[in-house]
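Dear colleague,

Please find below the structure that I am handing over to you, together with its sequence.

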Amino acid sequence: MLDRAAERRFANLPARERAWATEAAYGTIRLRGRLDALLRPYVADRKLDDVVRDVLRLGAYQLTEMGGVPDYAAVSATVDLAREAGRGRASGLVNAVLKRLAADGSDAERAPEPPAPDPLDALADRGSHPRWLLERWEDRHGPAATAALVEANNRRPELYLRLVGIPRDDAIRRLAEAGIRAGPVPLEARSLRLEAGSDPVAALAAVPAVVQDPAASAVVRYADVPAGALVADLCAAPGGKSLALVDLGAGRVVSFDRSAERLRRLRDNARRVAGVAGGSPLPLCLAVADARHPALLGADVVLVDAPCTGTGTFRRHPDGRWRIGPDDLASLVRLQKRILRAAAKAVAPGGLLVYATCSLEPEENEDQVERFLQEHPDFEVAPPTAPMPIPHAGGSALRILPHEHGVDGAFAVRMRRAR
């Protein structure tokens, strides 16, 4: 995935170079569809391999979206990149195409011409989203809301911290002492928004926290876990929700994931947070286990942060829009169903099952919960008693939408098992 690749390739760069490389990589992938439309008139009759196409996209992004890069520098660097990538024979083509693009005008607002007079085709090009997703969203939300969602997905994501074990005002003060400006987030009391350009590594060294969108933090608050509860987080990695559960007073959190590598990252995060806080180890236990076969029974609360299409997180994970297809949606729905069935057995009588996704698709959300409740009459929806900054959809589920709330999308339902 893009996040892991960027972390691996950019981790050792100086902060300024890391920020530039991150912007170029994420921006190129985010606007891939728009860039392809811009390049189409210049390469329409040519067969390009994937590497050359990606190089051209990166050059086009620098020309049209990164205003601080001079045209000559963007063209020259991209030609060099083609050679470094083993595509020296294509360097002349790359040079010619990008020079023509620059000469014709590199205004970021120039809209590509749609291949046909179809508004959805135009939105797919300009908005850089697969058409099959736009068709789904337009059928459900209508044209205006779909366009707003696409626009929200294409905004550069802001950087948020989710605090763990430190008052918000103290965290703001400590960040200021480290030269980092931060402010509160209306949606989530335990989140902070960092000023654009802030170094997340420096921020995490200053305060006990994890990088987490407020939508994910809101899911944990919605769970309304009783103080002192034993919580099983069945799909825990990368672990932000587990740490947030600890912060909100869970007695002990057992974090499961099928990936030992991802659990090691959760362990490292937990140790870092405890170290920055200067306190004792967090009440967190990690175990490798498949959520389809829970290794713990009788939990007071079971959280299923289910594997999903992630259609609510496209601004933060832009590669997601290009990785998934209709077949992936169907496959994930089947997996979620299996995990939910298994999770039900891990909940103690009278306990809670919290199902959550970062998807916007009803098959993964409302439809999944409705099917589960029909098959498990011993469970019923139990909305939290704690107040939430976002009203529960229909009085029960939590639903956060990027184009309405300005953060990632999220869905959650809280269900109680009969005693």
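**Strand pairing and helix packing**

Strand S5 (residues 230-233) and strand S6 (residues 252-257) run parallel and are joined by four bridges. Please note that the model is a predicted one. Within this pair, Ala232 stands opposite Val254 of S6. Together with helix H13 (residues 240-247), S5 and S6 make a β-α-β unit, which is right-handed.

S5 is also joined to strand S8 (residues 299-305), by three bridges, and these two strands run parallel. Here Val231 is the residue that stands opposite Val301 in S8.

Four strands form an open sheet with antiparallel pairing, and their order is S2-S3-S1-S4. Its edge strands, each pairing on one side only, are S2 (182-185) and S4 (209-211). On average, neighbouring strands of this sheet are turned by 35 degrees against each other, direction ignored.

Inside that order, strand S1 (residues 159-163) and strand S3 (residues 188-194) run antiparallel and are joined by four bridges. Leu159 has Leu194 in S3 as its bridge partner.

Helix H10 (residues 168-177) lies across S1, S2 and S3, and runs at about 15 degrees to S3. Helix H12 (residues 214-223) likewise lies across S1, S2 and S3, but its direction is at about 170 degrees to S3.

With kind regards

Conventions: Residues numbered from 1 in each chain as written. Predicted model: local features only at pLDDT ≥ 70, side-chain atom pairs only at ≥ 80, totals over all residues. Heavy atoms only, no water. Pairing = 2+ DSSP bridges. Axes fitted to C-alpha atoms, helices over the stretch in contact; angles between N-to-C directions. Contact = heavy atoms within 4.5 Å. Right-handed = clockwise from strand over helix to strand, strands pointing away.
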